[in-house]
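Hi,

Here is the structure I promised to pass on to you.

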Amino acid sequence: MDIKDFIAPFAVWKRAFEKPFTVNKPIDERPGAPRYRGFHINDSARCVGCGTCEAICMNKAIDLVPVDALKPDGGDSGLRPRVDYGRCCWCALCVDICPSGSLGMSNEYLWVDRDPEVFRYTPGVEAKPWDGAELGYRRADGYRLLEEERVDMPELDHHEAVKSFLELVRGYSRQQAEKEADRCVSCGVCVASCPAHMDIPGYIRAVREGDLEQGLRLLYETNPFPEACGRICTHLCEAACSIGSGRSADGTPTDPVAIRWLKRYIADQVELADYGKALPRAEAPTGRKVAIIGAGPGGLAAAYYLALLGHGVTVFEKDEAAGGMLRYGIPEYRLPYPALDKDIAWITSLGVRIRYGVAMGKDLTLVSLYGDYDAVFLSTGLTVAYKLDVPGDKHPRVLDGVAILAAATRGEPLGLGRKVAVVGGGNVAMDAARTALRSGAEVDIVYRRREVDMPADPEEIMEAKAEGAILIPQAIPLEVKPAEGPDAANKATFVWNLAEMVQKEPGKRPVPEPIPGAVVEKTYDSIIAAIGQGPDLSYVAEGDGIEIRRYKPVIGPDGRTSRATVFAGGDLTNDRKDAISAIADGHRAALAMDRLFAGKEA
Amino acid sequence: MIKLATELAARYGSRGWHNQRPDLASVQIDLSRLHDALAWLKDNMGYTHLSFMTAIDNIERGVFTLTYTLRNHAWNDGKGHSLMIHADVDRSKPEVDSIHRLWGQAWTYQREMKEWYGIDFPGSPRVDEEFVLEGWEGPPMMRRDFDSLAYSDATYAERPGRVSHDPETYMKEKLYPEAEA
């Protein structure tokens, strides 16, 4: 026997006092590695419930479940991911893909329980010891499965743009559109925020797959103005887009999918002559007749869906062309007339008849329509511009913004002069300012609150400034005075008081308070008032049976007024005052009228 | 190093020598000459240590690429040098000579690769025994055409009470249920 064999059993004793590799739970802890993929954590406030984690999960380990404390709204479905650890394989693809970046993994890997049902929970909603863990797996810096930035839209340079009424935004090429469509994860969170609830994931998928006729079909299911909305829509969908809910490495928000531009791409790519191949034709005539007052987006949307259902439609329009504010309120550099004409041409191709130059109250009364038509839709919009409501506001050099935009549409000389003030902060104010810039004027935009308070679209404000308009915020109009000096008859002096913003009531928006003595006077060739418009309801007589409250016809959820066969919609009744809301109103009213005719409702 | 690269090419037809770092190089060898090349490197060139062995599923090319990492501890005054030998094997008939007689521990790697990729090493001890996947009946799961979801669905019972919601449908129910389809 070798001496080594004798000693060997004792040799192991040399390890007796070394630190063992086993862990003495619970006395010793053995934490996971700093980037260990342990149990999930979710920042529920950042999560938008888009379900992209569920879609990518290779093992169907994730369900989206309602959370009592969360209400669905614009960009949040109110759902949250629940992980089933009986299926999770800890691959962390859910963390890597998460558009909002809310999902992560702690480095905790120990969880002991006798009840197998507990190993399924909603991170960030059901409290767990590892909530808020600093360590654990996060998406690595610079590693993104989703494209953070949208495909740049080719646009005219601002210096070039201001010289003409050429369209600013030039539209995506096929390659650009398909690349942008690829950014969409088809979560559908955007659909609720669209007033018309368009099938946004559906038509983006059609772009991605190159099936533009299918795309057009989906657009027309809820919106017969894709060319117009593809350009000027207020795109609430993009504010709700889950792809825009994240943060880039530099902390700026990620870009939402360019939903509006993709809609425009579909409509631009399909020729009007090919619309018939993609879109449904009108059903057989039902013999029912509907009168629509006003050929704006609301009225024509109602006309389109009524015509599709086989009802006879006559639209009465006071102006010489259709489109309403889309034509007379939006300058052609934002919405060129051929694009709008294409939308309208398809609607009239279904047999919708438009009678131009017919003004309600003057050429026609509501009562006369009641006899000839089975139902009436009122979409007369807001046509009366508010006055500045300061002394001197009747000065001949004080002009109305909407009238200026309409004159520009008609190609009439504007006669604004060289120095122009635009009063107001909405889209009409921005468009009036930009129209004045294009006629060669120097433009000041005078607004009573701060720039952030302006109701205009941020991009319109940005573009107005880029084109050379000077913004004078926190300026309260005081007076319009006759000008002095040479050529005084063709000028007016505008007086305003600079203001500071005062938080009067907590929770409400701050109010401008005049700063004593800070009065400014400036002489202009024209002062354009663009502080809002009201309706002209003078055509509604007392005997017409339509209840009016606060300058609006009172309507139910389907647009019906207090008279069973009369419906109303668009800017006239809708506080959102945008085209897509008007279109949704028109569609809803058309369906309600169809139910009315079918006798489904009294 | 250039000398070794040249000699390996001359003897065993190796190609694509690539110095990744001063102490790490990689090279491609045909499968039929792999075993001989490894033996020569071990017995004659000082690459005595098999430090790692794995495979990559190059499904696009229809091959598994086997990777053997050898180490010469004496090279450069004891600083050492590692050499990665790549060899492609046909994905439809993945059979590779066992190297367990060159390096005793290789059988463990080979058993692992049999289980995870389905690459066979005839003659390797216990190569058909389970490695870590107890009771595994599916296709080798490291193959890139392994469908994790299909396997899960076929293998595991659906946990009762699980229900998911589509964001678009759920938001419609909650926010605008009156809208028509």
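You'll find A:Lys577 in the loop between strand E22 (566-568) and H19 of chain A. Its phi is near 50°, a positive value in a residue other than glycine. Most residues other than glycine have a negative phi.

Before going further, some housekeeping. This is a predicted model, where local features need pLDDT of at least 70 and side-chain atom pairs count only at pLDDT 80 or more, while totals for chains, interfaces and linings use all residues. Residues are numbered from 1 along each chain as its sequence is written, and chains are lettered from A and ligands numbered from 1 in the order in which they are written. Helices (H or I, at least four residues) and strands (E, at least two) are DSSP runs, numbered from the N terminus.

A:Tyr551 also has a positive phi, about 65°, although it is not a glycine. This one sits in the loop between strand E20 (548-549) and strand E21 (552-553) of chain A. Is A:Tyr551 buried or exposed? A:Tyr551 is exposed, because it has 12 other C-beta atoms within 10 Å.

Now for chain A as a whole. It has 19 helices and 22 strands, and its C-alpha trace spans about 125 × 70 × 45 Å along the principal axes. Of its 602 residues, 46% count as buried. Take the contacts in chain A between residues at least 6 apart in sequence: 73% of them join residues at least 24 apart (two residues are in contact if their C-beta atoms, placed from the backbone, lie within 7 Å).

Helix H7 (residues 212-222) of chain A is mostly covered, with 8 of its 11 residues buried. Among them are A:Leu216, A:Arg217 and A:Tyr220. What do the buried residues of H7(A) pack against? They pack against helix H6 (200-208), helix H8 (226-232), helix H10 (259-269), helix H11 (272-278) and helix H19 (579-597) of chain A.

There's a helix pair to look at, too. Helix H17 (residues 427-438) and helix H18 (residues 458-466) of chain A pack at an angle of about 25°, with their axes 10 Å apart (axes are lines fitted to C-alpha atoms, for helices over the stretch in contact, and angles run from 0 to 180 degrees between N-to-C directions). That makes H17(A) roughly parallel to H18(A) (angles under 35 degrees count as roughly parallel, over 145 as roughly antiparallel, 65 to 115 as roughly perpendicular and the rest as oblique). The contact is made by A:Asn427, A:Met430, A:Ala433 and A:Arg434 of H17(A) and by A:Glu460, A:Ile461 and A:Ala464 of H18(A). These residues divide into 4 nonpolar, 1 polar and 2 charged (Ala, Val, Leu, Ile, Met, Phe, Trp, Tyr, Cys and Pro count as nonpolar, Asp, Glu, Lys and Arg as charged, and the others, Gly among them, as polar).

How many residues of chain A touch chain B? 26 residues of chain A are in contact with 21 residues of chain B. On the chain A side, strand E2 (62-66) and strand E3 (79-84) each give two or more residues, and E2(A) gives the most, with 4 residues. That side divides into 13 nonpolar, 8 polar and 5 charged residues.

Over to chain B. Here 5 strands form an open sheet in the order E1-E2-E5-E4-E3, with mixed pairing (two strands pair if DSSP finds at least two bridges between them). The edge strands are E1 (15-21) and E3 (49-58) of chain B, each pairing on one side only. The twist averages 20° from one strand to the next.

E3(B) and E4(B) run antiparallel, joined by 9 bridges, and B:Asn58 stands opposite B:Val63 in E4(B). The two strands form a hairpin with 4 residues between them, and B:Gly62 in the turn has a positive phi of about 75°. On to the next pair: 10 bridges join strand E4 (residues 63-72) to strand E5 (residues 81-90) of chain B, again antiparallel. There, B:Thr65 stands opposite B:Asp88 in E5(B).

Last stop: B:Asp43, in helix H2 (residues 34-44) of chain B. B:Asp43 is exposed, with 11 other C-beta atoms within 10 Å. The C-alpha atoms of B:Asp43 and B:Leu102 are separated by 9.4 Å, with the two residues 59 apart along the chain.

Cheers

How values were computed: Buried ≥ 20, exposed ≤ 12 C-beta atoms within 10 Å, placed from the backbone.
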